[in-house]
Amino acid sequence: MEYRERKERKYDEKKKTRQQENRGRRKNSASTRREEPRELPDDVLVGRNAVTEALKAGRGINKILLASGDREGSVTEIAALAKERGIVVQYVERAKIEALSGGHRHQGVLAYVAPVPYAELDDILKAAAEKGEEPFLVLLDELEDPHNLGALLRTADATGVHGILIPKRRSVSLNATVAKTSAGAVEYVPVARIGNIVQTLKALKEKGFWVAGADMDGEKAYYEADLTGPLVLVVGSEGKGMSRLTKEACDFIVSMPMVGRINSLNASVAGSILMYESMRQRLLKKKTQTQS
């Protein structure tokens, strides 16, 4: 009788052990499924090596996130390289990078990259000079919608704009949405990131540029203004338009007459109208000079 009880207890213990092992395997399997890394967006890079090599290769980078507290080793090198190239660096909680990295090994480093490299303003001006053309630039004052930037790039390519200027901060950057909306124009129209808008406009004026801004209270209609010669067209942000300081930095402000009930246009529509008017005037001027 005693032998039988011992045998039953031993059997029960083995059964219990097997059940525990099975539960553990199921738990581990579920955990593995939950931790399967998500596919990263096209404009996100994670990991110290990946971001370091992107910086060294000169790839267009919009912004870098570094985990707060990580200030040693390769993180210091990343911060130094970013500073050298004028790239924005933000120190954030590691949990934020963890959430954005989708389960990939990030080492406290994440970068938002551009689909194409950014250009330098001096290179844009040099390219225009090599073509024998008067430089034609468009500056976007804190535009935020990537669809608007993509649409403006598309029109810029069609109208012969030599380059688009966008601020490094408080502005939309080149990303996958911009590239898609531009229908390929992002590959042909150089985009340069600038620091202070007012200082950039001042420097361009010293090079002989005229600066025209678009606003509802402009002194003349856009088709009455001279939009030929070395020119910077300034397009304001959605809703707010141009900032006060940017408006004061313009040589003249043009308006767009409207007879409907809506008193403003989408930023990309307004910018496109101005670009086409400038192209029309340039082509007419060129034709007149050829005939005379």
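**Figure 1. Four strands make an open sheet.** In this predicted model, 4 strands form an open sheet with mixed pairing. Their order is E1-E4-E2-E3. Strand E1 (44-46) and strand E3 (88-92) stand at the edges. Each has a single partner strand, so one side of each is left without a neighbour in the sheet. From one strand to the next, the twist averages 20 degrees. Strands of a sheet pair through backbone hydrogen bonds, either parallel or antiparallel.

Figure 2. Look for Ala 67: its bridge partner in E3 is Val 92.

**Figure 3. Helices H2 and H3 pack together.** H2 is made of residues 48-56. The angle between H2 and H3 is about 30 degrees, and their axes are 10 Å apart. With angles under 35 degrees counted as roughly parallel, H2 is roughly parallel to H3. The crossing of the two helices is left-handed.

**Figure 4. Side by side, residues of H2 meet residues of H3.** H2 brings Arg 48, Val 51, Thr 52, Leu 55 and Lys 56 to the contact. H3 brings Ser 74, Val 75, Glu 77, Ile 78, Leu 81 and Ala 82. By class, the contact of H2 with H3 has 6 nonpolar, 2 polar and 3 charged residues.

Key
Residues numbered from 1 in each chain as written. Predicted model: local features only at pLDDT ≥ 70, side-chain atom pairs only at ≥ 80, totals over all residues. Heavy atoms only, no water. Pairing = 2+ DSSP bridges. Axes fitted to C-alpha atoms, helices over the stretch in contact; angles between N-to-C directions. Parallel < 35°, antiparallel > 145°, perpendicular 65-115°, else oblique. Left-handed = near helix turned anticlockwise from the far one by under 90°. Contact = heavy atoms within 4.5 Å. Nonpolar A, V, L, I, M, F, W, Y, C, P; charged D, E, K, R; others polar.
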